[in-house]
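Welcome! Please take a moment to look over the sequence and the fold below before reading on.

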Amino acid sequence: MTGAEGQPDKLGEVARLATLIADRILEAQITGHEIPPEQFTALVDAARLLEEQGVPWPPLVEEVLYEAGKRFSEAEAVPETVDPEHEDKGALAGLTRFLSGFRRS
């Protein structure tokens, strides 16, 4: 499909791929493996795109981002645990701002 007709299919594919990435991130957390930063970045980018297009997040994507937002909030609450030499304040602040709009009550 092309034009406006293909848009829902593309957004559906973005949602499907975001769910697959969220699944990999969750699996890495469960097994204690490191989460590749590019996977998390891709998940956030996909979530942002879905949000901009008015497409609800798949449940697993929402859960992974909610948990990430919670962890970032906890890390900000205890700043002495963060090594200032390795902290990317711009990326963290941007991600925190982005996720703050989606945190559950």
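Predicted model: local features only at pLDDT ≥ 70, side-chain atom pairs only at ≥ 80, totals over all residues.

Residues are numbered from 1 along each chain as its sequence is written, and side-chain values use heavy atoms, with hydrogens and water left out.

Let us begin with the overall picture. The protein has four helices and zero strands, and its elements run α-α-α-α from the N terminus on. Here helices (H or I, at least four residues) and strands (E, at least two) are DSSP runs, numbered from the N terminus. Of the 105 residues in the protein, 26% are buried; buried means under 20% relative accessible area, exposed over 50%, and partly exposed in between (1.4 Å probe, protein chains only). Among contacts (heavy atoms within 4.5 Å) with a separation of 6 or more, 59% are between residues 24 or more positions apart.

Now find helix α1. It has 25 residues and reaches 36 Å from its first C-alpha to its last, close to the 36 Å expected at 1.5 Å a residue, where the expected span is 1.5 Å times one less than the number of residues. The buried residues of α1 are L11, A15, A18, I21, A22, I25 and A28. After α1 comes G32, whose phi is positive, near 80°.

How does α1 meet α2? Helix α1 (residues 7–31) and helix α2 (residues 37–52) pack at an angle of about 145°, with their axes 9 Å apart. Axes are lines fitted to C-alpha atoms, for helices over the stretch in contact, and angles run from 0 to 180 degrees between N-to-C directions. On the α1 side, the residues that meet α2 include L11, V14, A18 and I25; on the α2 side, F40, L43 and L50 are among those that meet α1.

Finally, turn to V55, in the loop between α2 and α3 (59–77). Is V55 buried or partly exposed? With a relative accessible area of 23%, V55 is partly exposed. Leaving aside neighbours within four places in sequence, V55 is in contact with L11 and L50. V55 and A15 are 40 residues apart in sequence, with their C-alpha atoms 8.5 Å apart in space.
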